[in-house]
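Subject: Structure handed over, with notes

Hello,

Here is the structure that I promised to pass on. Please look through it first and then read the notes below.

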Amino acid sequence: MRYRLTFIVGVALGYVLGTRAGRERYEQLKKSAQRVAENPAVRNAAESAAQGGREFAGKAYHSVSEKVGDKVPVSVSDRVRSLRERSGHNGHTGSDDWGTTNT
């Protein structure tokens, strides 16, 4: 019985000390992540990537919709339309050659 009680106390003590150390490490990682996220260079890169993704989605939708016609599901066209509106492009400008073949 004495060994069992000693074991339980040891487990409880180890748990408390381990969670405290884990919490401190978590807070340290959280602060580092916040510093990185607040960095203007990182913010600009993230916004540029998002903008490029929106433009790519619009171009891909236009190319695919030309090939498949009215078979594009409404949910997909609504989502692409919302991406276009968010990026500031309300229609296809025709200035790019994405999805075309040079033969």
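E27 is partly exposed, at 26% relative accessibility; that term covers the range between buried (under 20% relative accessible area) and exposed (over 50%), with a 1.4 Å probe and protein chains only. R23 is also partly exposed, with a relative accessible area of 49%. The side chains of E27 and R23 meet in a salt bridge, 3.0 Å from N to O. A salt bridge here is a side-chain nitrogen of Lys or Arg within 4 Å of a carboxyl oxygen of Asp or Glu. The two residues lie 4 residues apart in helix α1 (residues 2-38), so about one helical turn separates them. An α-helix has 3.6 residues a turn, so residues three or four places apart point the same way.

Before going on, note that this is a predicted model: local features need pLDDT of at least 70, side-chain atom pairs count only at pLDDT 80 or more, and totals for chains, interfaces and linings use all residues. Residues are numbered from 1 along each chain as its sequence is written, and side-chain values use heavy atoms, with hydrogens and water left out.

The salt bridge count is 2. The other pair is E47 and R54, whose closest N and O atoms are 3.7 Å apart. E47 is partly exposed at 45% relative accessibility, whereas R54 is buried, with a relative accessible area of 14%.

R54 is one of the buried residues of α2, which also include G58, A60, Y61, S63 and S65. Helix α2 (residues 40-68) has 29 residues and spans 42 Å from its first C-alpha to its last, close to the 42 Å expected at 1.5 Å a residue. The expected span is 1.5 Å times one less than the number of residues. At the start of α2, a side-chain oxygen of N39 comes to within 3.0 Å of the backbone nitrogen of A41.

For the protein chain as a whole, there are 3 helices and 0 strands, in the order α-α-α from the N terminus. Helices (H or I, at least four residues) and strands (E, at least two) are DSSP runs, numbered from the N terminus. Of the 103 residues in the protein chain, 11% are buried. The accessible surface comes to about 8600 Å², and 57% of this belongs to carbon and sulfur atoms. Areas come from the Shrake-Rupley method with a 1.4 Å probe; for residues, only the protein chains shown count as cover.

Regards

Technical notes. A polar contact is a pair of N or O atoms within 3.5 Å; within protein, one must be able to donate a hydrogen and the other to accept it, and residues adjacent in sequence count only if both atoms are side-chain atoms.
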